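User: Hi! Could you walk me through this structure?
Analyst: Happy to, here it comes.
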Amino acid sequence: MKLALLGYGKMGKTIERLAVEAGHEVVFIKDRANERGDLAEADVAIDFSTPEAAIENISRCIMDGIPIVSGTTGWLKDYDKVLNLCEERNGSFIYASNFSIGVNLFFGLNEYLAKQMSSWPMYDINIEEIHHTEKKDAPSGTAISLAEGIIKNTAKEAWQLDGQGDAVVPIHAKREEDVKGTHEITYSSEIDTISIKHEAHSRDGFAKGAILAAQWLQNKKGVFGMKDVLGIE
Ligand SMILES: NC(=O)C1=CN([C@@H]2O[C@H](COP(=O)(O)OP(=O)(O)OC[C@H]3O[C@@H](n4cnc5c(N)ncnc54)[C@H](OP(=O)(O)O)[C@@H]3O)[C@@H](O)[C@H]2O)C=CC1
Ligand SMILES: O=C(O)C1=N[C@H](C(=O)O)C[C@H](O)C1
C-alpha cells in the first residue's frame with residue numbers, strides 16, 4: 001500500500017516506522033510548513049495532525065479522491081462538514097478517537113458496565129484521562145467517546161470537563177511527562193469503588209490500528225469507524 005502521511009509528529013513517525021516494517025511505502029509527507037512527495041500517488045492517506053489542520057487535510061484528500069483515515073482529535077465541531085463533503089464526492093473516510101484494538105474492546109466494556117450501573121444511582125461516575133504534556137486538546141477524544149458510551153446507556157445527559165451535577169459525566173484531564181494515554185472510569189459509592197482502566201504502553205497500538213484501518217478502507221466508499229474495521233458491535 002502507498003501511504004500519504006498528513007502530520008509528521010509523534011504519531012506520523014510511528015506510523016511511518018511500522019508501515020515500512022510491514023512492507024508499505026510512504027509516498028507523501030506533510031507537516032505544518034513542508035510537503036514532500038506526491039499526494040496523488042497515495043492509495044490511502046493517514047492524518048494525525050492538529051485540531052486546526054485536520055479539517056483542511058481531510059477535505060483535501062476527499063476532494064482529490066484519496067481515501068482518508070483520521071486520528072486527529074479536537075476537530076469534531078466540523079465532523080458534519082466532512083460527512084457532507086464525503087457524500088457529495090463519493091469519498092472514503094474513517095475517523096476514530098482511538099485506533100488501538102485494546103481501547104476499542106474497552107469501549108464495549110465501558111458500555112456494558114454503564115448499562116449494569118444505570119440501575120444503581122448511589123454510584124458516582126467519573127472519567128479520568130492522563131496524557132503527555134504536549135497534548136493540545138482536553139479532554140482527550142477517547143475520554144469523549146467513553147463519556148458518549150456512558151450517556152447512551154444511562155440517564156446522564158452530557159459530559160463536562162471537571163463538571164458536576166446529577167446529569168453530568170465529569171471528565172478530569174491530567175497532563176504528565178511522557179504518558180502515552182491512560183483512561184479510567186470509576187463508579188464510587190460510600191460502600192465501595194468499581195473501576196476499569198486502559199493504559200497504553202507505547203504509540204504502536206494506535207499506529208498499527210490506523211494502518212489496519214487504511215488497508216481496510218482502500219476499496220470502500222463511505223464514512224466508517226473502527227468498529228466497522230474490527231467487525232465488533
Ligand atoms: N486516534 C488515535 O488513536 C490517536 C490520536 N492522536 C491524535 O493525533 C494528533 C497528533 O498527535 P501527535 O502525533 O502526538 O502530535 P504531534 O504534535 O507530535 O504531531 C502533530 C504534527 O502535525 C503537524 N502539523 C501541523 N500543522 C499541520 C498541517 N497544516 N498539515 C499537516 N500537518 C500539520 C505538526 O507539524 P510541525 O511539527 O511542523 O508543527 C506535527 O508534525 C492529536 O490530535 C492526537 O490527539 C494521537 C494518538 C492516537
Ligand atoms: O494525543 C495523544 O497522545 C492521544 N490522543 C488520543 C485522544 O485524544 O484520545 C488517543 C490517545 O489517547 C493518545
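User: How do H1 and H6 cross, left-handed or right-handed?
Analyst: The H1 and H6 crossing is right-handed, meaning that the near helix is turned clockwise from the far one by less than a right angle. Helices here are DSSP runs (H or I, at least four residues), numbered from the N terminus. This is a predicted model, where local features need pLDDT of at least 70, side-chain atom pairs count only at pLDDT 80 or more, and totals for chains, interfaces and linings use all residues. Residues are numbered from 1 along each chain as its sequence is written, while chains are lettered from A and ligands numbered from 1 in the order in which they are written.

User: Which residues of H1 make that contact?
Analyst: On H1 they are Met11, Thr14, Ile15, Leu18 and Ala19. Contact means C-beta atoms, placed from the backbone, within 7 Å.

User: And what's the angle between H1 and H6?
Analyst: About 65°, and the axes lie 9 Å apart. Axes are lines fitted to C-alpha atoms over the stretch in contact, with angles from 0 to 180 degrees between N-to-C directions.

User: New topic: which helix gives the most to the shell around ligand 1?
Analyst: H1 (residues 10-21), with three residues.

User: Which residues come nearest to ligand 1?
Analyst: Of 26 residues around ligand 1, the nearest are Gly9, Met11, Arg32, Ala53 and Gly71. A residue is near if its C-beta atom, placed from the backbone, lies within 6 Å.

User: How is the protein chain divided?
Analyst: Domain 1 covers 2-99 + 204-230 and domain 2 covers 101-199, with bounds from an automatic or database domain assignment. Their centres, taken over C-alpha atoms, are 27 Å apart.

Methods: Helices (H or I, at least four residues) and strands (E, at least two) are DSSP runs, numbered from the N terminus. Two residues are in contact if their C-beta atoms, placed from the backbone, lie within 7 Å.
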